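Here is a brief report on one structure. Keep the sequence and the 3D view open while reading.

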Amino acid sequence: KLKFLSDRMHGILDYGVVVIFALAPGLLGIAGLAALLCYALAVIHLLMTALTDMPLGIVKVLPIRLHGTIELIVGLALIVVAWTIPSLVSGQLFFTLMGAVSFFGGMLQVG
């Protein structure tokens with residue numbers, strides 16, 4: 001099992017990811033559909049983290065393992081859409097990097 005992160009540390013990193021997605025359009029010049037995707041992912045990740053059964057979760061209804069599995073899937077999807085949807089070009093490298101971060105974060109949680 002590859003669980004290098006405690007559930008508490010995973011939660012801290014997840015809330016950091018929310019902030020990164022929310023600030024990226026303004027800081028990196030990501031525009032259009034790519035910016036909307038950033039904001040949507042910030043909200044979705046915030047909700048998912050708040051609902052996860054981990055120390056920093058608020059409602060704790062989503063099992064941490066499912067949370068990690070969702071991160072794996074979203075991570076791969078971000079990498080794929082970044083390179084296949086032309087209207088995301090302004091955020092292509094950002095989505096690739098965040099996809100990799102999400103994927104490996106999920107790997108560390110799911111093991």
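## Ser102 and its partners

Ser102 touches Glu71, Leu72 and Gly75, leaving aside neighbours within four places in sequence. Contact here means heavy atoms within 4.5 Å. Ser102 sits in helix α4. Helices (H or I, at least four residues) and strands (E, at least two) are DSSP runs, numbered from the N terminus. Ser102 counts as buried because its relative accessibility is 13%. The cut-offs are under 20% relative accessible area for buried and over 50% for exposed, with partly exposed in between (1.4 Å probe, protein chains only).

## Basis of the model

This is a predicted model: local features need pLDDT of at least 70, side-chain atom pairs count only at pLDDT 80 or more, and totals for chains, interfaces and linings use all residues. Residues are numbered from 1 along each chain as its sequence is written, and side-chain values use heavy atoms, with hydrogens and water left out.

## Overall fold

The chain has four helices and zero strands. Along the sequence the pattern reads α-α-α-α. The C-alpha atoms fill a box of roughly 35 × 25 × 20 Å along the principal axes.

## Nonpolar core

A nonpolar core is a set of buried Ala, Val, Leu, Ile, Met, Phe, Trp, Tyr and Cys residues joined through side-chain atoms within 4.5 Å. The largest such core holds 16 residues. Phe21, Ile30, Cys38, Leu78, Phe94, Phe95 and Met98 touch the most other members. The elements giving two or more residues are α1 (7–28), α2 (32–50), α3 (64–84) and α4 (92–110). Which helix gives the most to this core? That is α2, with five residues.

Leu78 shows the packing in detail. Beyond its neighbours within four places in sequence, Leu78 is in contact with Phe21, Leu37, Leu41, Phe95, Met98 and Gly99.

## The α2–α3 loop

Leu62 lies in the loop between α2 and α3. Is Leu62 buried or exposed? Leu62 is buried, because its relative accessible area is 15%. Not counting residues up to four places away in sequence, Leu62 touches Met48, Leu51, Thr52, Asp53 and His67. Leu62 and Thr52 are 10 residues apart along the chain, and their C-alpha atoms are separated by 4.4 Å.

Lys60 is in the loop between α2 and α3. Its phi is near 60 degrees, a positive value in a residue other than glycine. At 36% relative accessibility, Lys60 counts as partly exposed.

## The α3–α4 loop

Pro86 lies in the loop between α3 and α4. Pro86 counts as exposed, because its relative accessibility is 69%. Pro86 and Leu33 are 53 residues apart along the chain, with their C-alpha atoms separated by 9.9 Å.

## Surface and charge

Buried residues make up 39% of the 111 residues. The chain exposes about 6000 Å², and carbon and sulfur atoms supply 80% of that area. Accessible areas come from the Shrake-Rupley method with a 1.4 Å probe; for residues, only the protein chains shown count as cover.
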